[in-house]
Amino acid sequence: MKTRIVVVTEYFYPAERNDAILITKIVKALSISNNIEVICTSTLEEKKELDFLDGKIHRLKNLNITSKNIILRVFKLLYLTFQLIFKSIFFLKKNDKVFIVTNPVFLLPFIVFFKKIKKFEVTLLVYDVFPENLIATNLLKEQSLFYKLLKKIYDWSYNNVDKMIVIGRDMQEFIQKKTNNIKDIFLIENWCDYKKIIPMKKEDNSIIKRFNLENRIVFSFVGNFGLVQGIENLLNAASLVKNEEFVLLFIGDGGEKRKIENFIENNHRDNVLYAGKYPGSEENIFLNACDVAIVSLNDSMYGLGVPSKSYYNMAAEKPLLYVGDKNTEIAKVINENSIGWICESSNSQQLADLIDKICEEKNNFSKLGKKSRETLIKYYSEEVILNKYKEIYK
């Protein structure tokens, strides 16, 4: 008899978020040898349902709230969480193997509580470490009573799941400390479907042509412009770079976007550009719009997350410039495979000096880029990583 695995998640197919795509792929891989059921809040909209899970996806009602108002966002989060909890109470059975992710954040303690009553097994895939990430983003102070209460609840929750999957070695170290080294923690990195990302010549790229960057040395930052991405450090470094061919190209959206736009308006050197936000369906275009891909995280994020965009940049045959702690997962990948450069965060002058040095190595970009993609295919391809998930449920 096949094992029944119940995946409880906020994001799933057909959502275009990276975590939704990854979880959908994990489910498909596990469904080959297991009986899979999915409870999610991602609406089907006008898309066709997944054939391999016919009748086994339980889609709950979502709220169409896109406002950035914090009260509305918290209300939506609570609504979605209690939808998932209510469904799970009646759906989960003894001896089920329950697979959950760290979002929505309030789901974990409830699932662990019901696990004690119904006697099912819980595997937690850790994408973000809550509530410590609230400290990293300055949303809470470590001394606050509310944070201390949250930490107690979530430390208890982490200590009472059966298996944990982390996506980076720094995260593995962090979780081991959080659980006093008493848990089995599986390291399974994120990955990228390299077959969908086709490297292209820079001069053929529509974004490069749009800004006339064919003869410039383009460093791109693609993705979320958040508080922990160190956007201000990148901008300050750009103002200190001496090489006249250098340009820093931002593609994406986020809370720090206005800071980028203000810098561009007041930057007389014209070496920082914003290309706007592109849908995931155009990833071949925006991932190929550079010579070097920048990945940046504040030191406060050590052990709390791994930028999955790194793997997409590697698939696009780009060398990486990582700005952050040298002991984090992506920094280790760069060092172990010689596919780029590393600079500590919050040191604009050091970053500017390194960029100037990198610009002098422009004839080596192609070789580094090819090695970057080869590393992705060898260690972080869909086939390699999904086999690790299959092993957990063998």
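Let me start with one term: when I say that two parts are in contact, I mean that they have heavy atoms within 4.5 Å of each other. Hold on to that, and keep in mind that this is a predicted model.

With that term ready, let's look at helix α2, residues 70-91. Its buried residues pack against β1 (4-9), β2, β3 and α3 (107-118). Which residues of α2 are buried? They are Leu80, Thr81, Leu84, Ile85, Ser88 and Phe91. If you look down the axis of α2, these buried residues fall within an arc of 135°, so they line one face of the helix. And what sits on the face turned away from that buried side? There you find the exposed residues Ile71, Phe86 and Phe90.

At 1.5 Å a residue, the 22 residues of α2 should span 32 Å, and the end C-alpha atoms are 31 Å apart, which agrees.

Now to the sheet that contains β1, β2 and β3. Here 7 strands form an open sheet, in the order β3-β2-β1-β4-β5-β6-β7, with parallel pairing. The edges belong to β3 and β7 (185-187); each has a single partner strand, so one side of each is left without a neighbour in the sheet. From one strand to the next, the twist averages 20°. As a reminder from class, strands of a sheet pair through backbone hydrogen bonds, either parallel or antiparallel.

Let's zoom in on one pair. β4 and β5 run parallel and are joined by 5 bridges, and Ile100 stands opposite Leu124 in β5. Helix α1, residues 18-30, packs on this sheet and touches β1, β2, β4 and β5, with its direction at about 175° to that of β1. Another helix, α15 (residues 382-392), lies across β4, β5, β6 (163-166) and β7, and runs at about 175° to β6.

How many of its residues are buried? It is 5 of the 5, so β11 is largely enclosed by the rest of the structure. In a regular strand the side chains alternate between the two faces of the sheet. In β11, Val292, Ile294 and Ser296 point one way, while Ala293 and Val295 point the other way. On one hand, β11 is joined to β8 by 2 bridges, with Ser220 standing opposite Ala293. On the other hand, β11 is joined to β12 by 4 bridges, and Ala293 stands opposite Leu320 in β12.

Last topic: salt bridges. The count comes to 25. I'll show you three of them.

First up is Glu49 with Arg59, at 2.9 Å from N to O. Glu49 sits in the loop between β2 (35-40) and β3 (57-59), while Arg59 is in β3, 10 residues away. Glu49 counts as partly exposed at 24% relative accessibility, and Arg59 counts as partly exposed at 22%.

Next, Glu121 meets Lys97 at 3.2 Å, N to O. This pair links strand β5, where Glu121 lies, to strand β4, where Lys97 lies, 24 residues apart.

Finally, Glu132 forms a salt bridge with Lys151, the closest N and O atoms being 3.8 Å apart. Glu132 is in helix α4 (residues 132-136) and Lys151 in helix α5 (residues 145-159), so the pair ties together parts 19 residues apart in sequence. Is Glu132 buried or exposed? With a relative accessible area of 8%, Glu132 is buried, because the cut-off for buried is under 20%. Lys151, at 27%, is partly exposed.

How values were computed
Residues numbered from 1 in each chain as written. Predicted model: local features only at pLDDT ≥ 70, side-chain atom pairs only at ≥ 80, totals over all residues. Heavy atoms only, no water. Salt bridge = Lys/Arg side-chain N within 4 Å of Asp/Glu carboxyl O. Buried < 20%, exposed > 50% of the residue type's maximum accessible area, 1.4 Å probe, protein only. Expected span 1.5 Å × (residues − 1). Arc of directions from axis to C-beta. Pairing = 2+ DSSP bridges. Axes fitted to C-alpha atoms, helices over the stretch in contact; angles between N-to-C directions.
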